[in-house]
Amino acid sequence: MTKKILLINSDLAKNRGDRAIAEGVIELARHRFPEAQITGISQFPERDKQWYGIDFLNMDFQSLNPFQLLRLYRAARKHDIILWGGGEILKDYTNKAALWYWTIKMSLISLANRNLYGTYQGIGPTHSSFSKRLIVLVVKRCKAFIVRDEESYEKLVTWGAPKEKLFASSDPAVLPKPNSPDKELSKKLSDLGIDESFLKDFICIGPRDWFHYKQSGILPFKYKRKLYNLLGIKVNTSSPEHDLYLRQLSTAISSLTAQHNIHVLLIPMHMEEGDTNLCTLLQKNTANPAKVKILSDDTFSSKELRSIITRAKAMIGFRLHSNIIGVSAGIPSINIYYVDKGRVFFDQIGQSRFALPIQAVLEPDFPETLTSLFNTLLTQQQTVKKDIRTATGKLRKSVTDTFSEVVS
C-alpha cells in the first residue's frame with residue numbers, strides 16, 4: 001500500500017535554509033518509502049512542486065486563518081504519516097507567540113493523526129519555565145521526536161520529555177549532494193551580472209542582521225513591524241551597536257577582497273527578514289563594490305543554490321544553513337553564530353576552531369580576526385576539505401539511519 005506523507009515544513013516560501021531542510025526530509029522520505037505520495041505546505045505551490053517534485057497545499061506554514069487550520073486538520077486525517085519540522089521552531093528567545101502557536105496547532109494535528117513525528121528540530125534558547133513546559137507538552141504529542149543535536153536532546157530530557165520518544169541525529173540539510181551547474185543556471189546567474197570570470201574565484205557570505213528584535217518578546221518581529229506600520233508608528237531599528245556591526249562587516253569584506261583579490265557573493269538566506277537589504281548595504285559600503293554581487297533574485301531552487309555554492313573557494317556563514325549547504329558541498333567554512341546552533345553544528349563536524357560568536361563582530365579587531373581566520377582556512381583547506389567530507393559522510397549516515405529506525 002502506498003504511503004501518504006504530509007510534510008508540515010518550515011518556511012519554504014521565504015527561507016532558503018528551510019528549503020534546504022525540506023529538500024533533505026523529502027529525500028529521506030523517498031528513500032524510506034519509495035512509492036510514497038508526499039505533500040508539503042507553501043504559499044507558492046506551483047513553484048515548489050516544480051522545485052521538489054511533490055504536491056503542496058496552498059497555505060502559509062504559519063497561517064492564523066482558522067479555516068486553513070481546519071483544512072490542515074482534514075489533510076492530516078487523510079495521510080498515513082505526518083513529518084513535522086526541521087529548523088528551530090521550539091524556543092522563546094525571539095518571541096513567545098510562535099511557540100504558543102505551534103503548541104496549539106500541533107496538539108490539534110496530533111488529534112487528527114497520532115502518527116506524528118517531530119523531524120530533526122533544534123531546540124532553541126528558552127528562558128521561561130512555562131515555555132519549557134509547552135515544548136515538553138508538544139513533544140509528548142508526537143509518536144517520536146528527532147532532534148538535530150545532542151544539546152537539544154539533553155534540554156528536552158532535563159525539562160521532562162520522555163527519553164523513549166527522543167532521538168538525536170543531525171540536520172537533514174547535510175543529506176543532498178550538489179549537481180554541477182547547467183546552462184540554465186549559468187544564464188540565470190549571468191542575468192544578475194555573475195559571469196564565469198566572477199565564478200572562477202569567489203567566496204560566499206551568508207549574512208544575518210542583528211539587533212533587529214527584542215529577545216523574548218511576545219510577538220515575532222515581522223508582526224510587530226506590520227502592527228507599527230498599520231498604526232503609523234515609525235520604528236527606528238538603528239542603534240550604535242547596529243551601526244558598528246554594519247561598519248565592521250563592510251570593513252571585513254573590504255579587507256578580504258583587497259588581500260586576496262577575490263570576488264564575494266552575498267547570499268540572502270531569508271528573503272523576508274531583511275537579509276537582502278543588509279546585503280545591499282554591505283555591497284554599497286565596501287571599498288570595492290564591483291567585487292561584490294548579491295544573489296537577490298528568489299528564483300533559485302535549493303538544488304541550484306547548492307550548485308552555486310559548490311564552486312566557491314569558501315563560505316562565511318552567519319545564517320547556519322548557509323554553512324550547512326557549504327559544508328555538505330565540501331566547501332571550507334567559517335561560522336559566525338548568533339545562537340548556539342551554529343557552534344553545535346561546527347562541533348559536530350570537528351571545525352570548532354572556525355566558529356566565532358557574533359559578539360566578536362563588535363570587537364575593534366574583528367576585521368583583522370576574520371581575515372586571519374580566513375587565511376588559516378585557506379592554508380589548511382586540503383585538510384579541512386578532507387575532514388568535512390568525512391564528517392559529512394557520518395552525519396548523512398546518522399540522519400538516514402535515524403529516520404529508517406524511527407519512522408514507520
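**Figure 1. Strand 5 and strand 6 pair in a parallel fashion.** Strand 5 (residues 87-90) is joined to strand 6 by two bridges. Strands count as paired if DSSP finds at least two bridges between them. Leu-90 faces Ile-123 of strand 6 as its opposite residue. The model is predicted: local features need pLDDT of at least 70, side-chain atom pairs count only at pLDDT 80 or more, and totals for chains, interfaces and linings use all residues. Residues are numbered from 1 along each chain as its sequence is written, and side-chain values use heavy atoms, with hydrogens and water left out.

**Figure 2. Strand 6 is mostly covered.** Strand 6 spans residues 116-123, and eight of its eight residues are buried. Buried means under 20% relative accessible area, exposed over 50%, and partly exposed in between (1.4 Å probe, protein chains only). Strand 4 (residues 81-84) also runs parallel to strand 6, with three bridges joining the two. Here Leu-83 stands opposite Tyr-117. In a regular strand, side chains alternate between the two faces of the sheet.

Figure 3. Cys-204 stands opposite Met-315 of strand 12. Helices (H or I, at least four residues) and strands (E, at least two) are DSSP runs, numbered from the N terminus.

Figure 4. Axes are lines fitted to C-alpha atoms, for helices over the stretch in contact, and angles run from 0 to 180 degrees between N-to-C directions.

**Figure 5. Helix 12 packs against helix 13.** Helix 12 (residues 302-309) and helix 13 (residues 320-328) meet at an angle of about 65°, with axes 9 Å apart. The two helices are therefore roughly perpendicular (65 to 115 degrees). Helix 12 contributes Leu-305, Arg-306 and Ile-309 to the contact (heavy atoms within 4.5 Å), and helix 13 contributes Ile-325, Gly-326 and Ser-328.

How values were computed
Angles under 35 degrees count as roughly parallel, over 145 as roughly antiparallel, 65 to 115 as roughly perpendicular and the rest as oblique.
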